[in-house]
Amino acid sequence: MTMECALCAGGLDHCHGTLVVHLEGGFTECSEDGCVDFDFARHTLTIDCFDVDGGCSCAEVSAQLLLRAS
């Protein structure tokens, strides 16, 4: 028995990757190789870059700016 993605079975345009939103620079990227449409509606999973395991350079820059502001 194999399971099939309900969106695939329904022929709906979607991506199985995770959409990563970078707060610094205002851009997005996807964890799925070959994904070229970074629309939120196509991605079931969306996270901010500071939630990425190992961190993100954007999050480090934002943290440094916050430390300077305080």
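Predicted model: local features only at pLDDT ≥ 70, side-chain atom pairs only at ≥ 80, totals over all residues.
Residues are numbered from 1 along each chain as its sequence is written, and side-chain values use heavy atoms, with hydrogens and water left out.

For the elements, helices (H or I, at least four residues) and strands (E, at least two) are DSSP runs, numbered from the N terminus. Two strands pair if DSSP finds at least two bridges between them. How many bridges join β1 to β2? Four, and the two strands run antiparallel, with β2 covering residues 27-30. In that pairing, valine 20 stands opposite glutamate 29. The two strands make a hairpin with four residues between them, and glycine 25 in the turn has a positive phi of about 100°.

Now to histidine 22, which lies in β1, residues 15-22. Is histidine 22 buried or exposed? It counts as buried, at 5% relative accessibility; the cut-offs are under 20% relative accessible area for buried, over 50% for exposed, and partly exposed in between, with a 1.4 Å probe and protein chains only. Leaving out residues up to four places away in sequence, histidine 22 touches Phe27, Glu29, Cys49, Cys56 and Cys58, contact meaning heavy atoms within 4.5 Å. Its side chain also joins that of glutamate 29 in a polar contact of 2.6 Å. That term means a pair of N or O atoms within 3.5 Å; within protein, one must be able to donate a hydrogen and the other to accept it, and residues adjacent in sequence count only if both atoms are side-chain atoms.

Those cysteines bring up disulfides, which need a pair of cysteine sulfur atoms within 2.5 Å. By this rule the count is zero. Cysteine 8 is in none, as its nearest cysteine sulfur, that of cysteine 5, is 3.9 Å away. Cysteine 49 is buried at 1%, whereas cysteine 8 is partly exposed at 36%.

Last, the charges. A salt bridge is a side-chain nitrogen of Lys or Arg within 4 Å of a carboxyl oxygen of Asp or Glu, and the structure holds two. In one, arginine 42 meets aspartate 13 at 3.1 Å, N to O. Arginine 42 lies in the loop between β2 and β3 and aspartate 13 in the loop between α1 (6-9) and β1, so the pair ties together parts 29 residues apart in sequence. Arginine 42 also bridges to aspartate 37, with the closest N and O atoms 3.9 Å apart. Arginine 42 is buried at 13%, aspartate 37 is partly exposed at 35%, and aspartate 13 is exposed at 57%.
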